[in-house]
Amino acid sequence: SVTPMAYETQFFGFTPQTCMLRIYIAFQDYLFETMLVVEGVILKKLRSFPGCEIGALQIRKSTEKFLFFMKDHFDKLFSKMEEMLLQLVLTIPENVLLPEDKVHEQYPYTKDEFQALQDEINRLQQQYRAEASAGQALRAELEEQKVVQAELEKILQCFDGLENICREHGTGNFKESLVFLTQNSKKLQGVLRDVEEKSK
Amino acid sequence: GRAQVLATLVDTFLEKLVAAGSYQRFANCYRCFYRLQPEMTRSIYDQFISQLQASIKEEIQEIKNEGNLEMLFHSLDKIVEEAKNRQEPAWRPSGIPEEDVRSAIVPYLLKHRSYLQKILKEKEEENRKVAQSVLEGRNKIAELQQLIQARKHAWQ
Amino acid sequence: FDEVIVETTTKRKQWPKKILIHAVQAMKAEQE
């Protein structure tokens, strides 16, 4: 079973196994290449010895023998190194959290907690909208009150105006003057009637 | 640090590989050539080993450059160092993206929530004041109406 | 498989930030 080492991949940007494979293949290629260079050099040297019985096939057999041996050790040593690298270098210990995931440590919200938070935000938004429209209604009433108060004050000013007219014409208390006026007119009517009777 | 461990592991690997592929072993495999030219065999072997070591070290350097490994190793060492007081296993992706992204949004939702709480409080405070003036205004209007009623009755 | 792991973990690393940008923009717009 392959452990995908996903968390390590999230950090390194490549899977550790791929990295190891890349190193393995590169190392192996170098081993083969240098072996081929060795064989080429030896063959070239042999050509400079005329009459030498050592044939290319023989050298190839020697190369294969040495390479087989090296490859066997190479694989053993490499798998040891790979094991150590995957354990010590290309690994993120269990207790370690990557910086981009810090938020999960600070806010380990469950689905329900998250939903509750969103519900609370929606509730606050509703409440705010309600308050805002209430505020508008209140301010609208304040404007309306200004108009109404102005109207009522105007009416009061009418009354004040009336009283000022009375005061200007000597009648401080309207009621009394009205009574006085009524009495006076009654008297005048009486006098008028007397005059009329006498004149008859 | 990790970079050091990598270098040590590669050096060890090379040491052991060279130890396994010793000159004796090499000479033994190329016995026919060795008998003919022992010094030449030695120098070819030495070149073989130094070439192999150089190529492998070069490859490691190339991979480190390519993957920016020095920097990554250094920062991972720091991250691990910072977490050394934690024993319990840390969070890991759940494999359900919408769940994992949730926590990433939470801090901003919390900020949003406290912002809403703040402006709601301000708005409520503001409305309380306006409501107060509305009530005062209503009382004032009631007073004016009473006053007008009284004046009107008086006239009547 | 290797590519899938790299692709998935790259998203895990990068996408929360991308999503956050939009989420924060939405909240700011709402606040405005």
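A search of the whole predicted model finds 0 disulfides over all chains. Among the cysteines, Cys19(A) has a relative accessibility of 8% and therefore counts as buried. Cys32(B) is likewise buried, its relative accessible area being 15%; both assignments rest on a threshold of under 20%.

Chain B is assigned domain 1 (2-85) and domain 2 (106-156). The C-alpha centres of these two domains of chain B are separated by 84 Å.

Helix H4 of chain B covers residues 38-66, which makes 29 residues. Buried positions occur along H4(B), including Thr41(B), Ile44(B), Tyr45(B), Phe48(B), Ile49(B), Leu52(B), Ile56(B), Ile60(B) and Ile63(B). Ser55(B), Glu59(B) and Lys64(B) are also among the buried residues of this helix. The cover over the buried residues of H4(B) includes elements of two chains: helix H2 (16-47) and helix H3 (56-89) from chain A, and helix H1 (2-20), helix H2 (23-29), helix H3 (31-36) and helix H5 (69-82) from chain B. Just after H4(B), a positive phi of about 55 degrees is found at Asn68(B).

The contact between chain C and chain B takes 9 residues from chain C and 9 residues from chain B. About 860 Å² is buried between these chains, with carbon and sulfur atoms giving 78% of that area. On the chain C side, Leu20(C), Met27(C) and Gln31(C) lose the most area to chain B, together accounting for 55% of what that side buries. The count of salt bridges between chain C and chain B is 0.

Note on methods. Residues numbered from 1 in each chain as written. Chains lettered and ligands numbered in written order. Predicted model: local features only at pLDDT ≥ 70, side-chain atom pairs only at ≥ 80, totals over all residues. Heavy atoms only, no water. Domains from an automatic or database assignment. Disulfide = S-S within 2.5 Å. Buried < 20%, exposed > 50% of the residue type's maximum accessible area, 1.4 Å probe, protein only. Helix = DSSP H or I, 4+ residues; strand = E, 2+ residues; numbered from the N terminus. Expected span 1.5 Å × (residues − 1). Contact = heavy atoms within 4.5 Å. Buried area = accessible area lost by both parts, 1.4 Å probe. Salt bridge = Lys/Arg side-chain N within 4 Å of Asp/Glu carboxyl O.
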